[in-house]
Structures are given as C-alpha cells and as structure tokens.
Amino acid sequence: MTSRTVTLLDVARAAGVSKSTVSDALQGSGRVAEATRDRVRAVAEELGYRPNSAARRLRRASTGAVGLHLPATATRLDYYMNLAFGAVERAQEDGLDLVLLAPSGASGGRIASRVDGLLVIDPEAGDSAVPGLLDAGVPVVTGERYLGPVAAPSGAVVCDNAASLTALLDHVTERGARRPAVLAPSGSSAWATALRATARSWGLAHGVEVALRTVPFAATPAEAEETTRALLTADPAVDAVICAPDGSAPGVLRAAAALGREVGYSEKAGGSRKSGSGLLVAACVDGPATRTAEPPVTAVDLRPAAYGRACAELLCDILADRAAPDTVRRHAWSLETRASTGPA
C-alpha cells in the first residue's frame, strides 16, 4: 500500500480502533491510552500514512462553515427540508454557515478545504459519496447510523426506529387489526433497514403474519397507491396498512377508496371496532400530507426541525470540544393518533 492510498480508515482497521482514536493518537490530543497511541503511530508508520493536507490546514484555521449531505431524493420531501432549516438555525447560533452539498458528493479533500465539519443525514451503505465524506479529514456527524463498511463517524444522532414502527403495529392491533401490512422503504439506510427488520420480528413475536411490501425510499403517492391496490386485491384480509415513505400516505387512502374500503372506524360499530370492509391507515413519517389528508392519518412525528438542530448541535459541540468524539445522542419521536385509525 503506497502513501498516496493510505487513509485514517486504513490505519484504524489495521490498529483495531476507531478513526477518531487514530486522529487523536496521531495529533497527540484526546483521551487515548499511551499504549494505544504508540500502537497507532507504529501502524501508521508501517503503512506509510501521511496526514491529509487539507485536514492539516483546517486544524490551523476555521472556514466558518459546515456541510450538509442529504439523500439524493431529499429535495422533494418535506421531512428533509424541515430538517435542513433546523440545522441551519442551530449552526448559525455558533456563528457557522451551512453549505448544502450536491447529492453526488465530492472528493474528501475538496470538501475538507471548504468546511470545518460535515452533517451526513440518513447515509446509505450503497451511496458512493459517503466513504469519501467520512474520510474527509474533518469531524462528521450522521443523522442515523451508517451501516456501510467504513469506520464510524465522529458522532451520531439516532431515533429508535424499531420502537416507532412497533408502536404503530401495536396501535393498529389494539384498534382491531388482525392482518396488518407495512409498505417499507427500500435501500440500505439505518431507517429503512430497521423498518423492514421490525416488521418481520414483530410478526414473529406476535404470531401474526405481517404483509411486507417494499416501495422506493421516497415513494410518491402514486407509487404507494399502486402498491396498496395490488396488495388489497391480492390479500383482501389485510385490515391495516402502515406506509413508511414521507408524503405517500394519501396514495394508500386513494387505493382504499377505489376498492370500497372504508378508512378508520365505522360509526355503526359505535366507534369501538372496524366495520367488515374497513381499513386502518397509518404512516411512519408525519407531515402536511398526513395532517391534511381526509381522513387525517395517524403518524409518527419525527420532529425533523428539532432533529436537524440536534445533529448540528452535536457537530458544533465536537468542533468546540464540548463533546467527545464517538458521541451518540438520542432523538425522541411521538405517535400522533388521528381519524384514520379511529378516535384519537
């Protein structure tokens, strides 16, 4: 391996430590045991590691900006726009501008010369831009964990996505559903992976077969409608549909109406159980589409603006030495029950 190809990640893997530990050991900073520091330095020398020049420049002077990398589909999703606004607001409180990066990303060195740190939201293991961002030579905070093969970021802010889908499945079951379905997102983000796995594990734990269908990560209402119509036609016993992608729940409602399935509870049943042709509908992401639908849709409020603030705050804290590298913080969500699953 030549000096041009050796990265912090290579040294971290060879030494059996995190990338942030390698960085601290080589810079003589952080709380690294002397034995670990010596081992890291020996491995770096053996591999021929040479520090990134852009990273060295950044340690001497601040650019006054941080970068934000969003999924390629983010521009048409309300969730990510609110998240970005929250991140901008929090970064400005520390005197930092926020730069929105192109979805395709750029080489780590070029990015590191322009920003002090990076926010990478919902990183996909299959996104070719992410490894370069994580090895850009600046602190990186991810919104949700990165499940790819490279070393962990400097910090992360995570939601308990398994718990949120479990809450939705428990809720529709309590409201009378016996054959729930989940329209789960495709892709290799932590959010998508957790939802697919939870749909399966919940079904096994409750002795209920959950009808799991995979839709695009940013499925449109039309795509959700097509999938739901096919699902309900092939399996009329499905009595609850939980739709994951942001903004796609109205498509589920349209499919139900087209097939004569009443959404929510029947007044004739006294509001305590579903009618025979009824269908409960819920969503994994709250937003204008769920709140203004007819009927309004029960959904998980992920509080995206607050989430963006939390991600930016952790990055600011790491840059200002108010938080240690490898910090993981939790972000809370809430379940908003509405008419699509019965009385709130």
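Let me start with Asn82, which is partly exposed, with a relative accessible area of 27%, and which has its place in helix H5, the helix formed by residues 78-93. Please keep in mind throughout that what we are looking at is a predicted model. If we set aside residues up to four places away in sequence, Asn82 touches Pro304 and Ala305, and its C-alpha lies 9.1 Å from the C-alpha of Tyr307, although Asn82 and Tyr307 are 225 residues apart in sequence.

That leads me to the chain as a whole, where, among the contacts with a separation of 6 or more, 69% are accounted for by residues 24 or more positions apart. The chain has 344 residues, of which 52% count as buried, and its secondary structure consists of 13 helices and 12 strands.

Turning now to a buried position, I would like to show Thr142, which is found in strand S4, residues 140-143, and which counts as buried at 1% relative accessibility.

Next, the packing of two helices, H1, covering residues 8-15, and H3, covering residues 34-47, whose axes come within 9 Å and cross at roughly 120 degrees. H1 and H3 are therefore oblique to each other, since the angles that count as roughly perpendicular run from 65 to 115 degrees, and only those over 145 count as roughly antiparallel. On the side of H1 the contact is made by Asp10, Val11, Ala14 and Ala15, and on the side of H3 by Arg39, Val40, Val43, Ala44 and Leu47. As for handedness, H1 passes H3 in a right-handed crossing.

Finally, the cysteines: how many disulfides does the structure hold? The number is zero, and for Cys284 we can say why, because the closest cysteine sulfur, that of Cys243, is 7.6 Å from the sulfur of Cys284, too far for a bond, when a disulfide requires the two sulfur atoms to be within 2.5 Å. Cys284 counts as buried, at 4% relative accessibility, and Cys316 likewise counts as buried, at 3% relative accessibility.

How values were computed. Residues numbered from 1 in each chain as written. Predicted model: local features only at pLDDT ≥ 70, side-chain atom pairs only at ≥ 80, totals over all residues. Heavy atoms only, no water. Axes fitted to C-alpha atoms, helices over the stretch in contact; angles between N-to-C directions. Helix = DSSP H or I, 4+ residues; strand = E, 2+ residues; numbered from the N terminus. Parallel < 35°, antiparallel > 145°, perpendicular 65-115°, else oblique. Left-handed = near helix turned anticlockwise from the far one by under 90°. Contact = heavy atoms within 4.5 Å. Buried < 20%, exposed > 50% of the residue type's maximum accessible area, 1.4 Å probe, protein only.
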